[in-house]
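Subject: Structure for you to look at

Hi,

Here is the structure I promised to pass on. Please open it and follow along with the notes below.

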There are 2 protein chains.
Amino acid sequence: MASDDTVKLLGFLVSPYSRRVEWALKLKGVDYEYVEEDIFNKSSLLLELNPVHKKIPVLVHHQKVISESYVILEYIDETWKQSPLLLPQDPHERAKARFWARFGEEKLLLASAGAMCSLGEEKERLLKLAIEAMEKIEEEIKGKEFFGGESIGYLDIALGWISYWLPVWEEVGSIQILDPLTFPATTSWAKNFLNHPIIKDNLPPRQKMIPYFHERSKFFSSLPPGWIKI
Amino acid sequence: MASDDTVKLLGFLVSPYSRRVEWALKLKGVDYEYVEEDIFNKSSLLLELNPVHKKIPVLVHHQKVISESYVILEYIDETWKQSPLLLPQDPHERAKARFWARFGEEKLLLASAGAMCSLGEEKERLLKLAIEAMEKIEEEIKGKEFFGGESIGYLDIALGWISYWLPVWEEVGSIQILDPLTFPATTSWAKNFLNHPIIKDNLPPRQKMIPYFHERSKFFSSLPPGWIKI
């Protein structure tokens with residue numbers, strides 16, 4: 001086990017979930033040791049640290065273990081209280097950020113990844129769900145530079161995958177979800193987000209993402225429809 | 001719209017989701033106006049307040065709207081800071097409470113309700129998932145009076161349905177999940193929880209729950225398997 005005050009993150013290069021945690025740590029200026037996991041051949045360390053879900057990301061701090069990316073983001077914000085604060089201070093604004101983060105995960109992300117990884121009617125169904133979810137996100141970001149206002153916050157980090165993973169998934173799945181003409185505000189936000197120096201410097205290489213997600217898409221498309229739980 | 005400082009809650013009598021919010025408000029001593037929704041014939045108020053999910057519970061405070069029960073619980077804790085605090089103060093303990101609340105929802109609650117509402121192999125599959133999830137919960141509560149330690153907290157409220165809804169679902173679905181011999185610590189916690197004066201006085205009548213969940217079970221059992229997303 002690492003010494004008491006070190007921060008260790010178990011992640012996976014092309015995962016949007018562990019990348020969220022990296023963004024938050026980098027924004028806060030927290031040093032950490034990054035450990036790449038092979039999610040197809042999970043290490044005994046991962047299985048020991050996250051026996052419930054056996055998933056990355058896992059954060060280890062003070063020899064304590066935190067898993068689930070949104071739970072980790074809140075932990076980071078509460079533990080390293082220095083600027084930038086990730087969640088807003090107003091309780092109602094905090095509630096909104098948490099609400100839309102969960103919405104992004106359960107509606108938009110699942111439907112988008114699912115549409116990339118399916119065929120025929122199921123693909124159409126998921127694509128429709130993804131576009132409907134994107135319509136709600138578009139309403140939320142209208143008139144703002146970031147979801148967090150003038151700077152990147154919790155919800156920007158939570159939805160950050162839209163800016164970089166979604167275009168890859170669209171290419172791999174031959175689909176379009178984030179149409180710039182239909183969703184100009186989200187498109188503009190995605191540009192702002194990717195232009196942030198911390199984000200720009202902390203992205204997986206696109207040339208590693210494309211073959212990985214092609215492989216995943218091929219695998220899941222071969223399963224009977226209904227494997228995606230949305 | 002209600003005047004500025006009133007608290008209004010849209011709920012449904014036999015819903016464990018809106019009951020969570022009632023427990024939290026009562027524990028904090030917050031006065032609120034309760035509005036019963038007909039979830040089969042949703043009011044224009046509900047559709048206006050929660051256009052995204054169109055679901056109860058919805059809390060209205062200072063003319064601002066908060067939905068999703070876990071988001072509402074955090075809002076309540078952050079807005080009415082008086083005792084009892086629902087979430088622990090230590091960031092790692094907070095992370096654990098959030099982690100297990102989400103686990104209870106996504107694994108145990110869905111599988112338990114699903115097992116009540118399905119037949120044959122699907123029922124067996126969901127029952128097995130529910131019992132596996134209960135094993136994890138049992139490990140967490142061992143040696144403690146409440147998940148929150150010596151008093152009721154966020155995670156007790158989040159998992160409170162286990163104490164009162166689950167026995168109804170077991171009866172309606174002719175299943176057993178919370179076997180007292182296999183899960184003595186959870187069984188003992190459920191008793192402690194139901195004995196708390198605020199909880200005891202804020203439960204829906206069992207005689208209204210039984211026919212309601214029988215009806216739901218009959219309806220969902222008639223659908224093709226796979227409707228439950230777990």
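The second largest pocket holds about 470 Å³ of space. Keep in mind that this is a predicted model.

Which residues lie nearest the centre of that pocket? They are A:Glu78, A:Arg94, B:Glu78, B:Lys81 and B:Arg94. In total, 17 residues line the second largest pocket. By class, the lining has 9 charged, 6 nonpolar and 2 polar residues.

Both chains contribute. Four helices each supply at least two lining residues: α3 (69-79) and α4 (91-116) of chain A, and α3 (69-79) and α4 (91-116) of chain B. The largest share comes from α3(A), with 3 residues.

Now follow α4(B) to its packing with another helix of chain B, α5 (residues 120-141). The two axes come within 8 Å and cross at roughly 150°. Angles over 145 degrees count as roughly antiparallel, so α4(B) is roughly antiparallel to α5(B). The crossing is left-handed.

On the α4(B) side, the contact is made by residues including B:Trp100, B:Phe103, B:Leu108 and B:Met116. B:Lys96 and B:Lys107 are also among them. On the α5(B) side, look for B:Leu126, B:Leu127, B:Ala130, B:Met134 and B:Ile137, among others. B:Lys123, B:Lys136 and B:Glu140 of α5(B) take part too.

How does this contact divide by class? It has 13 nonpolar, 5 charged and 2 polar residues. For the lining of the second largest pocket, the count was 6 nonpolar and 9 charged.

Best wishes

Notes
Residues numbered from 1 in each chain as written. Chains lettered and ligands numbered in written order. Predicted model: local features only at pLDDT ≥ 70, side-chain atom pairs only at ≥ 80, totals over all residues. Heavy atoms only, no water. 1 Å grid on protein atoms, 1.4 Å probe; cavity = no way out; pocket = protein on both sides within 12 Å on 5 of 7 lines; lining within 4 Å. Points joined across faces, edges and corners; volume = space filled by probe spheres on them. Nonpolar A, V, L, I, M, F, W, Y, C, P; charged D, E, K, R; others polar. Axes fitted to C-alpha atoms, helices over the stretch in contact; angles between N-to-C directions. Parallel < 35°, antiparallel > 145°, perpendicular 65-115°, else oblique. Left-handed = near helix turned anticlockwise from the far one by under 90°. Contact = heavy atoms within 4.5 Å.
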